Amino acid sequence: MCTNADAIIILWKKSEVNYLANDTVQIKIFDGFNVYYQKDAYSFVYADFYDAEKLVDGLTDYIFDEDNLLNYAKRASKIPFTGDEKQYAKLYNNISIFLNEKLELLTVGDINEEIETVLGEEYHLIDDNGNLLVQNDKVGKIGEYIFHILLTKFFELDCILPKFRCTTDRNMSVFGIDTLFLDTSNKIIYFGESKFSKDINNGIILANRSLENYEQQIREEYRIVLADEDAFKLSREFEEIFGEAKQLCISFQKLIEIADIKTIGVPIFIAHGNGKGKNSPEHYINELLDKITKKNFFGLNVSYIFISLPVIDKNRFVEVAIKKAVMKQDEYQRRAI
């Protein structure tokens, strides 16, 4: 399990690695991916990295694979797809998450010029009484879903709570915690951040902006989600490790003290286009390591995981993903009870 990795690049699968000239690069096979890694940097490389249509087609097929969809919102990938009617009903419900018609406009306050420029490139902005409104549409949901797949299947972390169950809570911030996972063996809670941007630099700028007040976001996450036994059913693994201490604590700071927490995890996922020029996996690794500002929170050690998913063209990727989701939804509806 790679929970101490500092940089990870997610692509897909590649049979040749001649542009990765470093002799120390090692390879492992994972779930249709060739995983290239050196020290703390990992690269999952797609066979047609520079062919936008083939990359998008293959990657969207993978993320909407029935096994992945069936286990979305589950604690781990444990349910095999067998094709019975009940499973088609579950598949229909899960795929429908990405196809809601209502787009939600959320206010973003206290932004500097750089953040405003990036948001203007990434989202549809509306000036309403001096407020900047960001369209919180399907793009973020797809990014969080891929993030969920990778944390569950590759990193073998346990999902504490699928975050789509929290999306109707008006207290959740537009820049709030996107995933809640647990390294059960090491008793580390992971508070994840997901971005989907036109290029990696935009994603890094938005990630750094989120990290500026991440300690406060973790406090709120504990208050709204982790400590509220009546609102959400958290994973059995989380309750076994932290349940008794949680009953004594009204704040995350107290949980740290009572449960003797030494480390928390912060995985950061950036799905992104290639931007100007055709960059290599090594370039993306260096960007993540050089430009994301690591911070400590609550005086604890922080185990960072940096994840980059190059999709070549963000808009094209989302377009193909939504079309495939519609087709699958129609199929599942026909097959369900």
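**Note on the cavity lining and aromatic contacts**

1. In this predicted model, the lining of the largest cavity draws at least two residues from each of α5 (138–153) and β9 (179–183). That lining comprises 13 residues in total, and those lying nearest the centre of the cavity are Y72, E144, H148, K163 and D178.

2. By composition, the lining of the largest cavity consists of eight nonpolar, two polar and three charged residues.

3. Turning to the aromatic side chains, the structure contains eleven aromatic pairs. One of them is formed by F64 and Y145, which are stacked with 5.9 Å from centre to centre and 15° between the planes. This pair connects distant parts of the chain, since F64 sits in the loop between α1 (52–63) and α2 (66–71) while Y145 belongs to helix α5, 81 residues apart. F64 and Y145 are both buried.

4. A further aromatic pair joins F154 and F155 in an edge-to-face arrangement, with 4.9 Å centre to centre and 85° between the planes. F154 counts as buried because its relative accessible area is 9%, under the 20% cut-off; F155 is likewise buried, because its relative accessibility is 1%.

5. Finally, one aromatic cluster is made up of F191, Y222, F252 and F298.

Notes
Residues are numbered from 1 along each chain as its sequence is written. This is a predicted model: local features need pLDDT of at least 70, side-chain atom pairs count only at pLDDT 80 or more; totals for chains, interfaces and linings use all residues. Side-chain values use heavy atoms; hydrogens and water are left out. On a 1 Å grid over the protein atoms alone, a cavity is a set of points where a 1.4 Å probe fits but cannot get out, and a pocket is an open set with protein on both sides within 12 Å along at least five of seven lines; lining residues have an atom within 4 Å of a point. Helices (H or I, at least four residues) and strands (E, at least two) are DSSP runs, numbered from the N terminus. Ala, Val, Leu, Ile, Met, Phe, Trp, Tyr, Cys and Pro count as nonpolar, Asp, Glu, Lys and Arg as charged, and the others, Gly among them, as polar. Rings of Phe, Tyr and Trp (its six-membered ring) pair if their centres lie within 6.5 Å; planes under 30 degrees apart count as stacked, over 60 as edge-to-face and the rest as tilted. Buried means under 20% relative accessible area, exposed over 50%, partly exposed in between (1.4 Å probe, protein chains only).
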